[in-house]
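Thanks for coming. I will go through one structure today, starting with charged pairs and then moving to the core and the rings. Please have a look at it first.

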Amino acid sequence: MPNETKNESGKVVVRRALKSDAEEILNVTKAAFTLYKDDLHSSYPVPALAETAADIETDIESHVVYVAVANGRIAGSIRLRKLNNELAYVYRFGVSPNVNNSGIGSSLLARIIDDCVADGMKAIALHTNSRYYKLARYYYGKRFFVHSTSTAKGYIRALFVKELSDKSYDISPAFEL
């Protein structure tokens, strides 16, 4: 798998994050998740908004983190944690509100999916608020489905899954996140 990929227009480069990217990733994450919280008109705490650059550096060292670079700036990021040999988990997926609906998020998600397929993963899971219709529609369009919901975190949280093969997989590790 090449280290960098470009979207159809050739203007966005998706690459592995470097520790030196942490501050820019933090800024994009805070902007994206502030919009998420504001769109939901919700008062529940959003853990992404309490994150620090040091937290991001830890994720870069311990998990898979990609950034999308457009016009020399980080415009989005996505993180992936392998829960076991068959299931991966996407988290802290965000795109700068200034470039929403430009294909940057789709480029990031496609890169993660390609990596998971190449690694022989059977499924990818992620959580989002089930009331955030815009995101639910987006994930449905990417062939994710709602596996289940929970209110354990104070809101209706949907567990979305994208199956990468027709083989069975154990989803239970995603329930713990």
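**Charged pairs**

Asp119 and Lys82 meet through their side chains in a salt bridge, 2.3 Å from N to O. By salt bridge I mean a side-chain nitrogen of Lys or Arg within 4 Å of a carboxyl oxygen of Asp or Glu. This pair links distant parts of the chain: Asp119 is in the loop between helix H3 (104-118) and strand E6 (123-129), while Lys82 is in strand E4 (residues 73-82), 37 residues apart. Helices (H or I, at least four residues) and strands (E, at least two) are DSSP runs, numbered from the N terminus.

Before going on, a word on where this comes from. This is a predicted model, in which local features need pLDDT of at least 70 and side-chain atom pairs count only at pLDDT 80 or more, while totals for chains, interfaces and linings use all residues. Residues are numbered from 1 along each chain as its sequence is written, and side-chain values use heavy atoms, with hydrogens and water left out.

Another one joins Glu61 and Lys19, with the closest N and O atoms 2.7 Å apart. Glu61 lies in helix H2 (residues 53-62) and Lys19 in the loop between strand E2 (12-16) and helix H1 (22-40), so the pair ties together parts that are 42 residues apart in sequence. Glu61 counts as exposed, at 53% relative accessibility, and Lys19 as partly exposed, at 41%.

The next pair is Arg92 with Glu51, where the closest N and O atoms are 3.4 Å apart. Arg92 is in strand E5 (residues 87-95) and Glu51 is in the loop between H1 and H2, 41 residues apart. Here Glu51 is buried, with a relative accessible area of 7%, whereas Arg92 is partly exposed at 23%. Both belong to a network of salt bridges that links Glu51, Asp59, Arg79 and Arg92.

**The core**

In soluble globular proteins, nonpolar side chains tend to be buried together. A nonpolar core here is a set of buried Ala, Val, Leu, Ile, Met, Phe, Trp, Tyr and Cys residues joined through side-chain atoms within 4.5 Å.

Which residues have the most contacts inside the largest nonpolar core? They are Ile78, Val90, Ile104, Leu108 and Ile112, in a core of 27 residues. Two or more residues come from each of E2, strand E3 (64-70), E4, E5, H3, E6, helix H4 (133-141) and strand E8 (157-163). H3 gives the most, with six residues.

Take Leu108 from that list. Leaving aside neighbours within four places in sequence, Leu108 is in contact (heavy atoms within 4.5 Å) with Val14, Tyr66, Val67, Ala68, Gly76, Ser77, Ile78 and Phe93. There is also a second, separate core of 12 residues, which includes Val65, Val67, Val69 and Ile74.

**Rings**

Rings of Phe, Tyr and Trp (its six-membered ring) pair if their centres lie within 6.5 Å; planes under 30 degrees apart count as stacked, over 60 as edge-to-face and the rest as tilted. The whole structure has six aromatic pairs.

One of them is Tyr139 with Phe160, a tilted pair at 5.6 Å centre to centre and 50° between the planes. Tyr139 is in helix H4 and Phe160 in strand E8, 21 residues apart. Both Tyr139 and Phe160 are buried, Phe160 with a relative accessible area of 1%.

Phe160 also pairs with Tyr140: the ring centres are 5.7 Å apart and the planes are at 70°, so this pair is edge-to-face. Tyr140 is partly exposed, at 46%. Ring pairs link Phe93, Tyr138, Tyr139, Tyr140, Phe144 and Phe160 into a cluster.

Lastly, charges over rings, which need NZ of Lys or CZ of Arg within 6 Å of the ring centre and within 35 degrees of the ring normal. The charged end of Arg16 sits over the ring of Tyr66, 5.7 Å from its centre. Arg81 lies over the face of Tyr91, at 4.6 Å from the ring centre.

Methods
Buried < 20%, exposed > 50% of the residue type's maximum accessible area, 1.4 Å probe, protein only.
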